[in-house]
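The following dialogue examines how the secondary structure elements of one chain are arranged. Please consult the sequence and coordinates while reading.

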Amino acid sequence: MKFYKKPVITALFILALMIKIGCCSDYSEASGKYDDWGSFSGNYFDIQVEPGVDLKFVYRMLTRRFYYANSAAHLGQFSDIKDKIAFRLDELMERVKQVLDIYPAGNFKVGIRIYKDRKGLNREYFDIFNAPADYKSFYIHKFQKIYVSQEDISDSLMAHEMGHVVVDHYFKVVPPEKIREMIASYVDLHLEDSK
Ligand SMILES: [Zn+2]
């Protein structure tokens with residue numbers, strides 16, 4: 001009996017090893033984890049929201065600082081808070097392209113994932129990169145996604161991340177990190193400049 005059992009165990013071991021290598025050879029996101037999250041879309045963004053996030057609060061934070069004229073004009077046409085958020089994010093994206101004077105070719109859609117708090121965001125970063133971090137937000141080009149939490153979200157913060165999105169979609173060879181940060185920070189500084 002022992003003689004027959006061994007190859008089966010060996011085969012199972014190899015199979016388990018193959019599955020392990022297949023799943024973890026590169027950084028990736030767990031699937032199924034976001035099934036109970038809310039989702040809605042605008043022109044530029046597919047937005048996912050963790051259960052418990054206060055969308056009215058998020059909208060307030062996104063319309064806090066600047067460039068509110070367009071929003072105010074269009075505010076009446078939306079009754080749903082999700083539509084308001086999607087519209088505001090699209091509007092910010094248009095403004096970011098204008099400020100940078102960089103217009104990436106073609107249509108692209110980027111994900112935005114809004115966590116309840118910074119802790120959840122940090123946990124996600126750790127799950128993806130297997131390294132600790134403490135960021136208000138980050139953008140991962142590979143996943144085409146901006147990560148942020150209700151705790152820290154603001155129009156300035158999102159404009160900064162959108163700066164990264166625009167730069168990464170425009171240049172064939174992505175500039176070095178310091179240059180990318182400079183460009184993204186430039187957006188925040190000049191968002192309210194008159195045209
Ligand atoms: Zn940045």
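**Helix packing and sheet order**

Student: Which hand does the crossing of H4 and H6 have?
Tutor: The model is a predicted one. In it, the crossing of H4 and H6 is right-handed.

Student: How many residues of the contact of H4 with H6 are nonpolar, and how many are charged?
Tutor: On the H4 side the contact includes Leu 89, Leu 92 and Met 93, and on the H6 side it includes Asp 155, Met 158 and Ala 159. Lys 97 of H4 and Gly 163 of H6 also take part. By class there is 1 polar residue, with 9 nonpolar and 2 charged.

Student: Is H2 roughly parallel or roughly perpendicular to H4?
Tutor: Helix H2, residues 55–62, packs against H4 with the axes 10 Å apart and an angle of about 25 degrees. Angles under 35 degrees count as roughly parallel. H2 is therefore, relative to H4, roughly parallel.

Student: How many charged residues does the contact of H2 with H4 have?
Tutor: From H2 come Leu 55, Lys 56, Val 58, Tyr 59 and Leu 62, which meet Ile 81, Lys 82, Lys 84, Ile 85 and Arg 88 of H4. The contact has 6 nonpolar residues and no polar ones, and its charged residues number 4.

Student: What is the orientation of H4 to H7?
Tutor: Helix H7 spans residues 177–190, and its axis comes within 10 Å of the axis of H4, crossing at roughly 105 degrees. Angles of 65 to 115 degrees count as roughly perpendicular. H4 is therefore, relative to H7, roughly perpendicular.

Student: Which residues of H7 meet H4?
Tutor: H4 contributes Val 96, Val 99 and Leu 100 to this contact. By class, the contact has 5 nonpolar, 1 polar and no charged residues. The H7 residues are Ile 183, Val 187 and His 190.

Student: Which strands stand at the edges of the sheet?
Tutor: The open sheet has 5 strands with mixed pairing, in the order S1-S2-S3-S5-S4. Each edge strand has a single partner, so one side of it is left without a neighbour in the sheet. The edge strands are S1 (38–41) and S4 (137–140).

Student: Which residue in S2 stands opposite Phe 40?
Tutor: S1 and S2 (residues 45–49) pair in the antiparallel sense over 4 bridges. Within S2, the residue opposite Phe 40 is Ile 47.

Student: Which strands does H4 touch where it packs on the sheet?
Tutor: Helix H4 comprises residues 81–100, and its direction makes about 135 degrees with that of S2. The strands it touches are S1 and S2.

Student: Which strands does H5 touch?
Tutor: Helix H5 (residues 118–129) also packs on the sheet, its direction making about 145 degrees with that of S5. The strands touched by H5 are S3 (110–115), S4 and S5 (145–149).

Methods:
Residues numbered from 1 in each chain as written. Predicted model: local features only at pLDDT ≥ 70, side-chain atom pairs only at ≥ 80, totals over all residues. Pairing = 2+ DSSP bridges. Helix = DSSP H or I, 4+ residues; strand = E, 2+ residues; numbered from the N terminus. Contact = placed C-beta atoms within 7 Å. Axes fitted to C-alpha atoms, helices over the stretch in contact; angles between N-to-C directions. Parallel < 35°, antiparallel > 145°, perpendicular 65-115°, else oblique. Nonpolar A, V, L, I, M, F, W, Y, C, P; charged D, E, K, R; others polar. Left-handed = near helix turned anticlockwise from the far one by under 90°.
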